[in-house]
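Have the picture ready and follow along.

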Amino acid sequence: MSELLNIANLDLSSVTGKISAEYIWIGGTGMDLRSKARTLSDGPVTDPSKLPKWNYDGSSTEQASGDDSEVIIYPQAIFKDPFRGGNNILVMCDAYTPAGAPIPTNKRHNAANIFNNPTVAAEEPWYGIEQEYTLLQKGSNWPLGWPLGGFPGPQGPYYCGVGAENSFGRNIVDAHYKACLYAGINISGVNAEVMPGQWEFQVGPAVGISAGDEVWVARYILERVAEIDGVVVSFDPKPVPGDWNGAGAHTNYSTKSMRNDGGIDVINKAIEKLSLKHKEHIAAYGEGNERRLTGKHETASIDSFSWGVANRGASVRVGRDTQKAGKGYFEDRRPASNMDPYIVTSMIAETTIL
């Protein structure tokens, strides 16, 4: 194994100017990340428009029929590759038909249209996304650190906990954290969550479409890191039924008007707009979210909209700092851990600005 790793970690910069570009895209389920690498003649590359478009077999990802299976991927964002190092890159792509139309599972295209709207762009929407996830034992799909088929002690000591009896998977979490920093992702922190084996990383502040790009690539890096350790990553919003916290992707949001003096009035109006479209947002905020949004375990009920200051049991939470300053941001606590960040970020902007 050590010899294999030595070869995999070879520094090629002294023998060739060629680099590897790992093209990443989203498969047919909307959550399955796919990728493949191609060799580029010259590096480094920092502008995605300088990269060639590529194609893949959409019939193997449930995104095209077998008799017309070619799907074209367009490079959209570039990150440094923490696995190959050097000038090698990760490339976030979205998918189109050969005729140039976005395929149905391409949610980035519509999000980009919303963020490119001059009215939205002028407001400079900022996002901070709290991505929760659960680490599972391969084969059993039971949370890491849990006795197989059994349960640990009740929740309490695990949130931000330390020690072998409380913390499970920290090596994966720390490796992911460093890999994201290396890649250039605006990862702003990590912590152990309330349910044992569950963790969170935060991405942001990120502006507009970049929030979606960075969350998707951070998810990809997490999957790759966990793969090395033989651990499964779950974004299920309620991986274990019963008296255990679910997993969400709380989305913190502000616009230029909210961040300026008097922004609290803009925040209140935005929350009112969100309340009027609660059902539409819930429908787009992740599969299986009804198992999580029960009104228990720090969630609001999925059936009604609520908001409050410092209230983690509300649909939308306004922080005390925001209330005190009269400006700032608010947190939409409804998105599930398996939400599509392109959909959620653009939908919040569209509802509150347009």
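Start at helix α2 (residues 108–116), where Arg108, Ala111, Ala112, Ile114 and Phe115 are buried. Buried here means under 20% relative accessible area, with a 1.4 Å probe and protein chains only. Look down the axis of α2 and its buried residues fall within an arc of 160 degrees, so they line one face of the helix. That arc is taken from the directions from the helix axis to the C-beta atoms. What do they pack against? The buried residues of α2 pack against β4 (70–80), β5 (89–96), α3 (118–123), β6 (126–137), α5 and α10 (341–353); contact means heavy atoms within 4.5 Å.

A quick word on what you're looking at: this is a predicted model, where local features need pLDDT of at least 70, side-chain atom pairs count only at pLDDT 80 or more, and totals for chains, interfaces and linings use all residues. Residues are numbered from 1 along each chain as its sequence is written, and side-chain values use heavy atoms, leaving out hydrogens and water. As for the labels, helices (H or I, at least four residues) and strands (E, at least two) are DSSP runs, numbered from the N terminus.

Now for helix pairs. Two packed helices are described by the angle between their axes and the distance between the axes. Take α5 and α10: they pack at an angle of about 160 degrees, with their axes 8 Å apart. They are therefore roughly antiparallel to each other, a label for angles over 145 degrees. On the α5 side, Ile209, Ala211, Gly212, Asp213, Val215, Trp216 and Arg219 meet Pro341, Tyr342 and Thr345 of α10. Sorted by class, this contact has 6 nonpolar, 2 polar and 2 charged residues.

Helix α5 (residues 209–228) also packs with α4 (residues 170–183), at an angle of about 135 degrees and with the axes 9 Å apart. That makes α4 oblique to α5. From α4 come Ile172, Ala175, His176, Ala179, Cys180 and Ala183, while α5 brings Ala218, Ile221, Leu222, Val225 and Ala226. This contact has 10 nonpolar, 1 polar and no charged residues.

Last stop: methionine 258, which lies in helix α6 (residues 256–259). Is methionine 258 buried or exposed? Methionine 258 is buried, with a relative accessible area of 1%. Leaving aside residues up to four places away in sequence, methionine 258 touches Tyr253, Gly263, Val266, Ile267, Ala270, Lys327, Gly328 and Phe330.

Notes: Axes are lines fitted to C-alpha atoms, for helices over the stretch in contact, and angles run from 0 to 180 degrees between N-to-C directions. Angles under 35 degrees count as roughly parallel, over 145 as roughly antiparallel, 65 to 115 as roughly perpendicular and the rest as oblique. Ala, Val, Leu, Ile, Met, Phe, Trp, Tyr, Cys and Pro count as nonpolar, Asp, Glu, Lys and Arg as charged, and the others, Gly among them, as polar. Buried means under 20% relative accessible area, exposed over 50%, partly exposed in between (1.4 Å probe, protein chains only).
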